Amino acid sequence: MRYREAYSPHLITKLGLGSSILDPFCGCGSILIGAAENGYSSTGIDINPLAVFATKVKLTPLPKGKIAALKRFAAMLTNTGDLGKAWPLPALSIASKVFEPVITDTLLKIRRLIESEFSDDSESRDFLMLAWIAILESVGSYFKEGNGIKYRNKKRLKTGYVQRLEGAWQTERFGDDQELFVRDAFEAQIQMMLQDTKFWRKGDWAKQEVVHGNVLEMDSLLGTRKYESVIFSPPYANRFDYFESMKVELWFGGFVDSYESINRFRKASLRSHLGADLTRPYEPISELEKLIGLMDQDASSWRMGVPALLRGYFEDMRTTLKHCRKTLHSGKCFVVVGNSAFAGVIVPTDVILAKIALESGFKKAEVLVTRHLTVAPQQRNQLSRFQDNMRESVVVLST
Ligand SMILES: C[S@@+](CC[C@H](N)C(=O)[O-])C[C@H]1O[C@@H](n2cnc3c(N)ncnc32)[C@H](O)[C@@H]1O
């Protein structure tokens, strides 16, 4: 399943991580999978139930008999004319806008078939559900972009968005037979995942654990467990709300069933976006306050509450880094992070994190710049002298 924010399992060998690893923002499980392939052990935490679900499926090797049953299910689906009854439509207000009617109907019929065929085998059901969730965006009338979703009935030109011709864009994208389009996408996804099952034959998949929870409560989630290395990529302080961009998958996958439940996750997530609970307390950081003081108070980001976001972000990162320090006897903690620009000021997240880490019990902090990022066009002129600070880095913290 495409998880835009993911990094690579190769970081384990490239950074020389130890054989027991913690990733407290594990997303779709890159590090846990890499740990399994290397025969290491790992723990991952994430607040997003969809990310945790995807990680669990990937970390649950299925025996040959179950894989054979999945292959039979895929063949049965290809040969079945009438897919039967549909699963209920989720109560997401835009549910009828994000898919064409035939596509919704086909998807929900396949969903019911999965549920009924595998009602007594949750592992195989989950494998198929992951395939089903993974195709939603590709068969949908929406796609993830920036801080949310956009609709395919509009096309982006240099001059702005233009409406595409109704009927024509659907044929261009989905062909003449929308039911077949969904069936083909699902079949291709299952085949790809079945191919990937060969990776389960090597490595150690039993020593990986994924926990659904909030990193700020790491103490109670992990108890006194210790690790040789910690690595993570937190959400960047860039206002992106993952619960917004993944809302279709969260609702259709059944991970949330009301606006109250999705908002609860949104509020509890790290203060990297404006939907988080920005009223939680924070301890001022003088360098950050100076940067906030330089910001243009007429900028929309300022008026929308970016100062509170930044103060909260670094407070949450301080709590995270303190927890991470406690889980290490010795060894290193690696933080993969990007800087951001708001209201005419670049916020050097990497350097501020290094400073907070030194105050949180780490002995040494080093910033390895990995690549440069671009500044949004409206800020480019103003920030041209400082562009080098727009970058992604690995902050290496030693005990
Ligand atoms: C940049 S992504 C990490 C992606 C991951 N490295 C991977 O390869 O898939 C950041 C993750 O932090 C999670 N997150 C945000 N707030 C959190 C919190 N308070 N506790 C735990 N996870 C959180 C998000 O759900 C997201 O999956």
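Student: What separates domain 1 and domain 2, and how far apart are their C-alpha centres?

Tutor: The C-alpha centres lie 33 Å apart. Domain 1 covers 11–58 + 204–240 + 277–398, and domain 2 covers 64–199. The bounds come from an automatic or database domain assignment. This is a predicted model: local features need pLDDT of at least 70, side-chain atom pairs count only at pLDDT 80 or more, and totals for chains, interfaces and linings use all residues. Residues are numbered from 1 along each chain as its sequence is written, and side-chain values use heavy atoms, without hydrogens and water.

Student: How many residues make the contact?

Tutor: Eight from domain 1 and eight from domain 2. Contact means heavy atoms within 4.5 Å.

Student: What area do the two domains bury between them?

Tutor: About 680 Å², with 76% of it on carbon and sulfur atoms. Buried area is the accessible area (1.4 Å probe) that two parts lose on being put together, summed over both. In domain 1, Phe53, Val57 and Phe240 lose the most area to domain 2, together 60% of what that side buries.

Student: How many salt bridges cross the interface of domain 1 and domain 2?

Tutor: Zero by the rule.

Conventions
A salt bridge is a side-chain nitrogen of Lys or Arg within 4 Å of a carboxyl oxygen of Asp or Glu.
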